[in-house]
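Trainee: I'm new to this one. Could you take me through the open sheet, with a bit of background on the chain it belongs to?

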Amino acid sequence: MSELLARHRAVMPSWLALYYETPIEIVSGKGNRVVDADGNTYLDFFAGIVTNMLGYDVAEVREAVEAQLARGVVHTSTLYLLRGQVELAEKIARLSGIPDAKVFFTNSGTEANETALLLATHARGSDQVLALRNSYHGRSYGTIAVTGNRGWKNSSLSPLNVHYLHGTDRSHPAFAHLSDAEYIDVCVADLREVLSTTAPNVACLIAEPVQGVGGFAMPPDGLFAAYREVLDEQGILFVSDEVQTGWGRTGSSFWGIGNHGVTPDAMTFAKGLGNGFAIGGVVARGDLMDALPANGVATFGGNPIATAAANATLDYVLDHDLQANAARLGPLVLDRLAPLRGLPAVGAVRGRGLMFAIDMADPASGAPAPELAAAVLEETRSRGLLVGKGGLHGHTLRMAPPLTLTREEAEEGADILVEAVTSVNDAAA
């Protein structure tokens, strides 16, 4: 055990997970590659959990932060006017497509989702919330309550009355034989049944267009539009959790919900916006945002350093049309991963834009195989590639490289994945 690992285990919680049998310390980065304390270089296909959206050591972001530091003001609080905060809010409101949008900044996606739940439950005078099975919305008391993934729920207690819907479980034996249209019809019928039997006066539905921690599982396009028709009948609000799907990552739309043809009442965001600097927030209809009756501040939310980084990051995304890059490279990666689909240890390969995943399965039974996913993590690391892990059973490899990924890097990473998964498959056969 390394000295740093021993110190980590002595003072950090046991539930704070570390990747790899021998965890690594990343000490430097440039472009889309990082270097660990032992001098090993890796192509990064996970980007600090979908957060280092532009990669590492990006001049535009560094210079924006350094310029703000040079002014001597790191913090003032939201009790004073913050030019960078206003400028960033203007951009996000414009990009959201939400009518008369207003923006509130937080420090994380968890805080953003807490805020959205507060807005919705106050507006509707109800603690009833709809969420999706296999979802993940954060680690706080309220966001754990709406998380539909047992591996991330630390408490059965809840400040909310939550009802879980179908959406990403098409592979379940009850639905596997259905077409997308038939599956959507079944899901809508179930929603109506939930509303008529167990969930009166619902505040909102909160949902991820692509489930991040859930292994990049995604509902068929159009499901949320069909859900929205039912919600609108009762005035139920819709919150799209864009913490992992925002900023063009899906390629086909700037926000993940765009693939469903729906404009939500509110969207939450975080992660990639600051390219590693802590920032999150909610963009919502102005009347919804303004309706809270009590005072509110965010001590660190929208602070000068974070918004300097976020403004530079968002400008870079737009100026370089990184959404188009995700749209180009996503299909390329999936095409190079296609040979994995026939392997006994691979349950599924899927993706959208620069979000793609591989489910590992027991070759004999087809059951989820988290131990094989862990083995692939070790194999990719040994070959110089960093990837992530997730899924309802911890059996899914998930990849979300920086949006600045080049074609050569996309091919390199995909080829390493094929080699690593094939090696684990052969050993498990």
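Mentor: Let's start with the whole chain. With 429 residues, a compact globule would have a radius of gyration near 22 Å, and the chain agrees with that at 21 Å (taken over C-alpha atoms; the globule rule is 2.2 Å times the number of residues to the power 0.38). Keep in mind that this is a predicted model: local features need pLDDT of at least 70, side-chain atom pairs count only at pLDDT 80 or more, and totals for chains, interfaces and linings use all residues. Residues are numbered from 1 along each chain as its sequence is written, and side-chain values use heavy atoms, with hydrogens and water left out.

Buried residues, meaning those under 20% relative accessible area with a 1.4 Å probe and protein chains only, make up 54% of the 429. The chain has 13 helices and 15 strands, which are DSSP runs numbered from the N terminus (helices H or I, at least four residues; strands E, at least two).

Now for your sheet. Strands of a sheet pair through backbone hydrogen bonds, either parallel or antiparallel. Here 4 strands line up as β11-β12-β15-β14 in an open sheet, with antiparallel pairing; two strands pair if DSSP finds at least two bridges between them. β11 (346–352) and β14 (388–390) are the edge strands, each with a single partner, so one side of each has no neighbour in the sheet. From one strand to the next, the twist averages 25°, using lines fitted to C-alpha atoms and angles from 0 to 180 degrees between N-to-C directions.

Zoom in on β14: 3 bridges join β14 to the antiparallel strand β15 (residues 396–399). Gly 390, for one, has Thr 396 in β15 as its bridge partner.

Methods. Buried < 20%, exposed > 50% of the residue type's maximum accessible area, 1.4 Å probe, protein only.
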